[in-house]
Amino acid sequence: MSESTIIVERSERVGIIKLNRPRAYNALSGTLINELLDALRSFESDSSIGAIILTGNEKGFCAGADIKEQSELSFIDAYNQDYLKNLNDGFFAIHKPIIGVINGIALGGGCELAMMCDILYAAESATFGQPEITLGTIPGAGGTQRLIRAIGKSKAMHMILTGEMISAKEAEAAGLVAKVLPTEQVFSVALTTASKIASFSAPVVAMAKEAVNEAEELGLKNGLHFESRLYHATFGLEDHAEGFQAFLARPKRVAQWTHK
Ligand code: CAA
């Protein structure tokens with residue numbers, strides 16, 4: 001039997017996925033992508049999970065598309081398969097927040113995979129890059145679209161047109177990652193954050209994620225309208241009544257979420 005390319009764990013209400021193809025720096029083979037998407041879908045449908053962590057292994061986060069597999073694809077193969085579109089589609093279907101813990105290299109599709117996550121924590125040793133240009137191709141899993149939104153045109157162009165990497169500190173300064181932490185602490189700090197998010201009302205967390213993501217799709221007026229609709233929808237949740245009653249109780253009490 002072939003070895004799994006990911007390791008799936010859980011810590012109370014947090015689902016953890018570790019990429020694990022050490023011999024290829026966790027490159028995105030078809031098998032790894034399928035196993036990753038299956039694990040995400042499984043956590044998505046599991047009501048005992050409230051947030052997800054995606055990270056790499058001792059080799060780093062991910063070295064991008066599997067270069068050997070990509071080298072065997074002709075234009076028409078890639079076009080007919082919609083190569084790598086399943087990765088973006090799979091992430092779009094997840095309502096639960098995904099924290100990416102970038103513990104080393106995040107190159108090409110690895111940087112793009114990181115940007116599919118909702119919050120990024122980087123180890124001090126992490127590096128980010130879109131080196132596709134050095135291989136005679138361009139980013140193909142969202143790099144040209146998400147990087148400009150994350151760090152602006154000039155920095156995005158610089159990374160994509162030169163193939164040069166940026167450090168974790170530069171990524172933090174540019175707004176690509178939320179926090180940079182000592183390598184030995186990054187996972188445990190991310191787990192604390194994921195546990196905190198998972199302790200809130202699951203439908204409210206999902207609506208907050210959806211509303212923020214819509215900001216990238218909609219103009220301000222439509223975005224504000226969308227936000228209003230979801231905000232008002234939370235008023236119908238049992239968790240909304242509970243959260244407000246818990247705050248107003250004297251003495252105040254901790255809300256008991258039912259995720260309804
Ligand atoms: N795909 C497949 N195998 C990969 C790989 C990848 N993306 N990256 C590394 N490997 C494999 C190497 O082929 C090598 O395998 P063998 O031992 O069988 O020869 C093994 O991992 C170790 O690699 P190196 O010997 O190169 O190790 P290193 O420590 O010197 O360098 C590295 C590590 C910086 C990650 C370097 O391997 C590298 O630059 N990798 C390619 C990164 C890259 O260009 N990514 C973009 C891919 S294209 C893409 O992602 C398109 C897209 O937008 C989706």
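**Close-up 1. Thr127 and its partner across the strands.** In this predicted model, Thr127 faces Ser167, a residue of strand 8. The two strands involved here, strand 7 (residues 127-129) and strand 8, run antiparallel to each other and pair over two bridges.

Close-up 2. Helix 10 covers residues 186-198, and its 13 residues reach 18 Å from the first C-alpha to the last, close to the 18 Å expected at 1.5 Å a residue. Its buried residues are Val186, Ala190, Leu191, Thr193, Ala194, Ile197 and Ala198. Looking down the axis of helix 10, you will find these buried residues within an arc of 165°, so they line one face of the helix. A handy reminder here: an α-helix has 3.6 residues a turn, so residues three or four places apart point the same way. On the face of helix 10 turned away from the buried side, look for the exposed residues Thr192 and Lys196.

**Close-up 3. A salt bridge between Lys209 and Asp118.** The side chains of Lys209 and Asp118 meet at 2.8 Å, N to O, in a salt bridge. Lys209 sits in helix 11 (residues 202-214), while Asp118 is in the loop between helix 5 (109-116) and strand 6 (119-123), so this pair ties together parts that are 91 residues apart in sequence. Lys209 is buried, because its relative accessible area is 12%; Asp118, at 30%, is partly exposed.

**Close-up 4. Two further salt bridges.** Lys18 and Glu9 join through their side chains at 3.2 Å, N to O. Lys18 is partly exposed at 23% relative accessibility, and Glu9 is partly exposed with 33%. In the other pair, the side chains of Lys68 and Glu72 form a salt bridge of 3.1 Å, N to O. Lys68 counts as exposed, with a relative accessibility of 58%, and Glu72 counts as exposed at 54%.

**Close-up 5. A nonpolar patch on the surface.** Phe75, Ile76 and Tyr79 make up this surface patch, and together they have about 390 Å² of accessible area. Take a look at Tyr79, which is found in helix 3 (residues 75-81). Tyr79 has a relative accessibility of 57%, so this residue counts as exposed.

Key. Residues numbered from 1 in each chain as written. Predicted model: local features only at pLDDT ≥ 70, side-chain atom pairs only at ≥ 80, totals over all residues. Heavy atoms only, no water. Patch = residues over 30% accessible without salt bridge, like charges linked within 9 Å, V, L, I, M, F, W, Y side chains within 5 Å. Areas by Shrake-Rupley, 256 points an atom, 1.4 Å probe, with all protein chains shown as cover. Salt bridge = Lys/Arg side-chain N within 4 Å of Asp/Glu carboxyl O. Helix = DSSP H or I, 4+ residues; strand = E, 2+ residues; numbered from the N terminus. Buried < 20%, exposed > 50% of the residue type's maximum accessible area, 1.4 Å probe, protein only. Expected span 1.5 Å × (residues − 1). Arc of directions from axis to C-beta. Pairing = 2+ DSSP bridges.
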